[in-house]
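Dear colleague,

Please find below the structure that I am handing over to you, with its sequence. My notes on what was found in it follow.

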Amino acid sequence: MKRKIIFFLFSLLFVIKTNGQCAMCRAVLESEAGQTTAEGINDGIVYLMAVPYILVAGLGYFIYRKYNSKKSI
C-alpha cells in the first residue's frame, strides 16, 4: 500500500506537458504566426479535461470517508 501511495505522489509531481488538441484545431492553429493562441487552446482543453476527474475523486473521497467512519462506531 505504501508503494502505491508513493507512486501516486510521484505521478502527480512529474507531469509531462502534453498537447491536447484535435486534428482540426491543430491544423488551424499551426498556420497562425504566433503560437500564443495555440497554447491558450491547449490549456483550456486540459482544464476542461481535468475538472471532471477532480470532482469524481472528491466525491469518491467523501463517500469513502462516510463509510469508513460508520465502521469505526
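**Findings**

Across the protein, the average pLDDT is 78, and 85% of the residues score at least 70. Please bear in mind that this is a predicted model. Among the elements of the protein, helix H3 (residues 36-71) has the highest mean pLDDT, at 85, whereas H2 has the lowest, at 71. Where pLDDT is low, the predicted coordinates should not be read in detail.

As to the overall architecture, the protein contains three helices and zero strands, and the pattern along the sequence is α-α-α.

A nonpolar patch on the surface is formed by Met 1, Ile 5, Phe 8, Leu 9 and Leu 12, which together have about 570 Å² of accessible area. Of these residues, Phe 8 is located in helix H1, which covers residues 2-13.

With regard to burial, 5% of the 73 residues in the protein are buried. Leu 29 belongs to helix H2 (residues 23-30). Is Leu 29 buried or exposed? Leu 29 counts as buried because its relative accessible area is 10%, and the cut-off for a buried residue is under 20%. Between Leu 29 and Glu 39 there is a separation of 10 residues in sequence, and their C-alpha atoms lie 9.4 Å apart in space.

With kind regards

Definitions and conventions
Residues numbered from 1 in each chain as written. Predicted model: local features only at pLDDT ≥ 70, side-chain atom pairs only at ≥ 80, totals over all residues. Heavy atoms only, no water. Patch = residues over 30% accessible without salt bridge, like charges linked within 9 Å, V, L, I, M, F, W, Y side chains within 5 Å. Areas by Shrake-Rupley, 256 points an atom, 1.4 Å probe, with all protein chains shown as cover. Salt bridge = Lys/Arg side-chain N within 4 Å of Asp/Glu carboxyl O. Helix = DSSP H or I, 4+ residues; strand = E, 2+ residues; numbered from the N terminus. Buried < 20%, exposed > 50% of the residue type's maximum accessible area, 1.4 Å probe, protein only. pLDDT = per-residue confidence, 0-100.
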